[in-house]
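This report describes how parts of one protein chain pack against each other. Please look at the predicted model below before reading on.

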Amino acid sequence: MTNELAGTELVETDSLPLFGRPDAGLVMISEWRTEDAERQRIVMDGVVDTWAQARLPESFLARYCLAGTDGRTILNVAQWTSAEAHLAFAADPANRRDIADSIQALITVGPPGRYRHDRAVVLRDAQVRSLGTTSSEDGVAQYFHRGGEDGRLVHVLTAYEDEGDGTALRFRPYRGLVRDLVRETGRETGRADVRPRG
């Protein structure tokens, strides 16, 4: 798919978000709850389809919908180059009409948390298969994001190499839309494994 406004490549992915991407100055994270697995799928498909059809500026980097293992919850992650770029896009009445109204028709949610990626702590070398929204040393990595006006609000996502035993909510990749990084940085888009720093 070619982005009509920016003229650059956007690709659909079924990978986990690429946290720490150097051009992402804003990371928006929120959890949404639906009635059941069918509605979960309808909402995730509707959100990704709506964004895929929109005219998106260069400042839009990615949007991911991750499916909760409870069959009802969605982890929504979006990445932009800056908070200012996102606010300018959101202030445009045409974008509110074309995107916000379509999303509101699918699900009623509050505004997402607004963060900057702070750091990733890799605990061990492994393929990442799911994310959790709580800090845990049982994972293979932790992704820290800071938000709030003073940067004191911290959001931690823990990466796991499995989907768990069902006792704790995990999020697995479903669908996403990503500005192509392969051409720009030589890195594979959506890489979902972690390597310890050494």
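## Packing of H2 and H3

In this predicted model, helix H2, residues 83-91, packs against helix H3, residues 93-106, at an angle of about 85°, and their axes are 5 Å apart. Angles of 65 to 115 degrees count as roughly perpendicular, so H2 is roughly perpendicular to H3. On the H2 side the contact is made by Phe-89, Ala-90 and Ala-91, and on the H3 side by Pro-93, Asn-95, Arg-96 and Ile-99. Sorted by class, this contact between H2 and H3 has five nonpolar residues, one polar and one charged.

Two packed helices are described by the angle between their axes and the distance between the axes.

## Helix H3

H3 has 14 residues, which at 1.5 Å a residue should span 20 Å.

Which residues of H3 are buried? They are Asn-95, Ile-99, Ile-103 and Leu-106. An α-helix has 3.6 residues a turn, so residues three or four places apart point the same way. The cover over the buried residues of H3 includes helix H1 (37-53) and also H2. Asn-95 and Ile-99 are also among the residues that make the contact with H2.

## Ala-105, an exposed position in H3

Ala-105 is part of helix H3. Is Ala-105 buried or exposed? Its relative accessibility is 65%, and because exposed means over 50%, Ala-105 counts as exposed. Ala-105 and Val-43 are 62 residues apart in sequence, and their C-alpha atoms are 9.4 Å apart in space.

## Gly-68, a buried position in E3

Gly-68 belongs to strand E3, which covers residues 60-68. With a relative accessible area of 0%, Gly-68 is buried, since the cut-off for buried is under 20%.

What does Gly-68 touch, not counting residues up to four places away in sequence? Its contacts are with Gln-40, Thr-73, Leu-169, Arg-170, Phe-171 and Arg-172. Leu-169 is 101 residues from Gly-68 in sequence, yet the two are 6.4 Å apart in space, C-alpha to C-alpha.

## The chain as a whole

The chain has four helices and eleven strands. Of its 198 residues, 48% are buried. Among contacts in the chain with a separation of 6 or more, 73% are between residues 24 or more positions apart.

Notes: Residues numbered from 1 in each chain as written. Predicted model: local features only at pLDDT ≥ 70, side-chain atom pairs only at ≥ 80, totals over all residues. Heavy atoms only, no water. Axes fitted to C-alpha atoms, helices over the stretch in contact; angles between N-to-C directions. Helix = DSSP H or I, 4+ residues; strand = E, 2+ residues; numbered from the N terminus. Parallel < 35°, antiparallel > 145°, perpendicular 65-115°, else oblique. Contact = heavy atoms within 4.5 Å. Nonpolar A, V, L, I, M, F, W, Y, C, P; charged D, E, K, R; others polar. Expected span 1.5 Å × (residues − 1). Buried < 20%, exposed > 50% of the residue type's maximum accessible area, 1.4 Å probe, protein only.
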